[in-house]
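Thanks for coming. I will go through one structure today, starting with its pockets and then turning to a few residues.

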Amino acid sequence: MIEVEVKAEINDFDKMEEKILKLGAVKTKTEFQEDLYFNSPIVDFAKTDEALRIRTTKNDNIENIFITYKGPKINKKAKTRKEVEIAIEDALKGKDILESIGFKQVRAVRKNRKYYNYENFEISLDDVEGLRPYMEIEITLPDGTDYNEAQESIFDLYKQLGITDGFETTSYLELLENKNC
């Protein structure tokens with residue numbers, strides 16, 4: 001799959017939630033996420049613009065765990081890249097496997113996230129530990145699909161919500177790493 005996503009810094013979660021719901025979006029869930037990011041023993045993912053993480057989500061006492069690989073970004077305007085994800089049953093065992101074959105944990109990123117569906121968009125309001133509030137709008141497409149139209153539709157939706165700047169194509173991991181430099 002190809003993930004096309006754009007994030008923007010926002011000022012107020014409650015006001016943005018009002019705008020999202022007024023548009024006709026439906027709130028689907030609220031969850032806590034902890035992402036453990038790893039670097040490869042072969043290549044530096046910071047240089048190749050790739051990501052490997054173990055994500056644990058908690059929603060209404062239900063825990064889900066995934067290993068996700070994200071390929072290098074395809075373009076600079078939006079965070080568009082290949083994403084491959086599989087479910088696993090135990091984050092600590094997954095971490096142990098990765099570290100046993102040479103991967104190194106880089107950082108944990110923790111956030112509370114509210115999800116909304118609107119047409120073919122997934123919208124999230126993100127409260128990330130150590131960062132200001134953000135909103136992400138995402139569309140997932142099959143491999144080989146032209147992502148330019150999807151990208152433009154995300155920016156159009158941002159305009160409808162009153163956001164025309166403050167866009168960010170770096171990951172939360174990169175934002176936190178840059179903040180600590």
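This is a predicted model: local features need pLDDT of at least 70, side-chain atom pairs count only at pLDDT 80 or more; totals for chains, interfaces and linings use all residues.

Before any volumes, a word on terms: a pocket here is an open set of grid points where a 1.4 Å probe fits, with protein on both sides within 12 Å along at least five of seven lines.

On confidence, the mean pLDDT of the protein chain is 93, and 99% of the residues reach 70 or more. Among the elements, helix α3, residues 91-100, has the highest mean pLDDT at 98, while α5 has the lowest at 89.

Now the pockets. The largest pocket has a volume of about 550 Å³. Its lining is made up of 34 residues, and those nearest the centre are R53, R55, E85, R113 and Y115. Which strands supply at least two residues each to this lining? They are β1 (2-9), β2 (26-39), β3 (51-59), β4 (62-70), β5 (79-88), β6 (104-118), β7 (121-128) and β8 (134-141). Sorted by class, the lining of the largest pocket has 18 charged residues, 8 polar and 8 nonpolar.

The second largest pocket has a volume of about 290 Å³. It is lined by 17 residues, with F45, A46, E50, L173 and E174 nearest its centre. Two or more lining residues come from each of β2, α2 (45-48), β3 and α5 (172-179). By class, the lining of this second pocket has 8 nonpolar, 7 charged and 2 polar residues. Note that α5, which contributes to this lining, is also the element with the lowest mean pLDDT.

Next, a single residue. E17 lies in helix α1, residues 13-23. Is E17 buried or exposed? The relative accessible area of E17 is 14%, so E17 is buried, the cut-off for buried being under 20%. Setting aside neighbours within four places in sequence, E17 is in contact with K27, K114, Y116 and L125.

On to the aromatic rings. A pair of aromatic rings is described by the distance of the centres and the angle of the planes. The structure holds 4 aromatic pairs. One of them is Y118 with F121, a stacked pair with 6.3 Å centre to centre and 15 degrees between the planes. Both Y118 and F121 are buried.

Another pair is F155 with F167, which is edge-to-face, at 5.0 Å centre to centre and 90 degrees between the planes. This pair links distant parts of the chain, with F155 in helix α4 (residues 148-160) and F167 in strand β9 (residues 167-168), 12 residues apart. Together with Y158, F155 and F167 form one aromatic cluster.

Last, E152, which also has its place in helix α4. At 35% relative accessibility, E152 counts as partly exposed, a class that runs between 20% and 50%. From the C-alpha atom of E152 to that of T170 the separation is 18 Å, and these two residues are 18 residues apart along the chain.

That is the end of my part.

Technical notes: Residues are numbered from 1 along each chain as its sequence is written. Side-chain values use heavy atoms; hydrogens and water are left out. On a 1 Å grid over the protein atoms alone, a cavity is a set of points where a 1.4 Å probe fits but cannot get out, and a pocket is an open set with protein on both sides within 12 Å along at least five of seven lines; lining residues have an atom within 4 Å of a point. Grid points are joined across faces, edges and corners, and a volume is the space filled by probe spheres set on the points. Helices (H or I, at least four residues) and strands (E, at least two) are DSSP runs, numbered from the N terminus. Ala, Val, Leu, Ile, Met, Phe, Trp, Tyr, Cys and Pro count as nonpolar, Asp, Glu, Lys and Arg as charged, and the others, Gly among them, as polar. pLDDT is the predictor's confidence in each residue, from 0 to 100. Buried means under 20% relative accessible area, exposed over 50%, partly exposed in between (1.4 Å probe, protein chains only). Contact means heavy atoms within 4.5 Å. Rings of Phe, Tyr and Trp (its six-membered ring) pair if their centres lie within 6.5 Å; planes under 30 degrees apart count as stacked, over 60 as edge-to-face and the rest as tilted.
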